[in-house]
Amino acid sequence: ETLPFTQQRATVLALVKTIQFEAQSSKIWITLNKTDRVYEFKIDLETPLNYRPPIEETIKQEPKLRQHLILAYQIQELLSNGKAQDPKQVAKWLNISNVRIYQIVGMLSLSPRIQEEIIFSRDPILAMLPEYKINALVQEVDWKKQELAWKQIVSKHA
């Protein structure tokens with residue numbers, strides 16, 4: 001995408017021998033120059049090329065643990081910048097209980113490795129982990145013990 005259009009075009013022309021399209025089946029067949037290998041793709045003719053789902057749909061697809069950890073960082077930023085007096089004030093704004101807000105903010109006590117895995121992992125297991133086990137994990141102050149417990153929790157749900 002960073003190449004100028006003329007270089008993109010030259011690259012495609014050097015790699016592709018033929019492109020065939022069948023509208024009835026919505027399929028494309030691409031034959032490569034050097035290998036004469038044919039690749040078949042089914043394409044979506046209904047969705048516009050530049051379609052992006054609304055941000056609300058995208059957020060809903062994220063695992064709850066990731067959503068809550070990111071929210072915890074946002075709450076911490078509000079507190080650090082003096083935009084909120086305490087987590088209870090944020091709880092009122094979000095219309096959630098004080099207990100719940102402290103559970104969410106408590107996720108910041110997880111070891112950096114666990115937080116990194118929650119934020120960046122694409123493993124579908126992340127969506128299956130029960131939150132009550134993470135709340136218990138937060139109570140452990142030793143990060144090495146946390147990480148061992150985390151591995152056990154993840155392996156049980158694998």
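Leu110 touches Gln115, Ile118, Ile134, Leu137, Val138, Trp143 and Gln146, leaving aside residues up to four places away in sequence. Contact here means heavy atoms within 4.5 Å. The model is predicted: local features need pLDDT of at least 70, side-chain atom pairs count only at pLDDT 80 or more, and totals for chains, interfaces and linings use all residues. Residues are numbered from 1 along each chain as its sequence is written, and side-chain values use heavy atoms, with hydrogens and water left out.

Leu110 belongs to the largest nonpolar core, which has 15 residues. Such a core is a set of buried Ala, Val, Leu, Ile, Met, Phe, Trp, Tyr and Cys residues joined through side-chain atoms within 4.5 Å. Buried means under 20% relative accessible area, exposed over 50%, and partly exposed in between (1.4 Å probe, protein chains only). Leu65, Met107, Leu110, Ile118, Leu129 and Trp150 touch the most other members. Helix 3 (64–80), helix 6 (112–120), helix 7 (131–138) and helix 8 (143–156) each give two or more residues to this core. Helices (H or I, at least four residues) and strands (E, at least two) are DSSP runs, numbered from the N terminus. Another core, of 7 residues, lies apart; Ala84, Val90, Ile101 and Ile104 are among them. In soluble globular proteins, nonpolar side chains tend to be buried together.

Gln115 lies in helix 6. Is Gln115 buried or exposed? Gln115 counts as buried because its relative accessibility is 6%. Its side chain reaches the backbone oxygen of Leu108 at 3.1 Å. Gln115 also touches Leu69 and Tyr73, among others.

Now helix 3. Its 17 residues reach 24 Å from first C-alpha to last, close to the 24 Å expected at 1.5 Å a residue. That expected span is 1.5 Å times one less than the number of residues. Its buried residues are Leu65, Arg66, His68, Leu69, Ala72 and Ile75. Their cover includes helix 4 (87–94), helix 5 (98–106), helix 6 and helix 7. Gly82 follows helix 3, with a positive phi near 75°.

The strands come next. Strand 1 (residues 16–22) and strand 2 (residues 27–32) run antiparallel, joined by 6 bridges. Two strands pair if DSSP finds at least two bridges between them. Phe21 stands opposite Ile28 in strand 2. The hairpin has 4 residues between the strands, and Ser26 in the turn has a positive phi of about 55°. Strand 2 also runs antiparallel to strand 3 (residues 38–42), through 5 bridges. There Ile30 has Tyr39 as its bridge partner. This hairpin has 5 residues between its strands, with Asp36 in the turn at a positive phi of about 55°.

Notes: A polar contact is a pair of N or O atoms within 3.5 Å; within protein, one must be able to donate a hydrogen and the other to accept it, and residues adjacent in sequence count only if both atoms are side-chain atoms.
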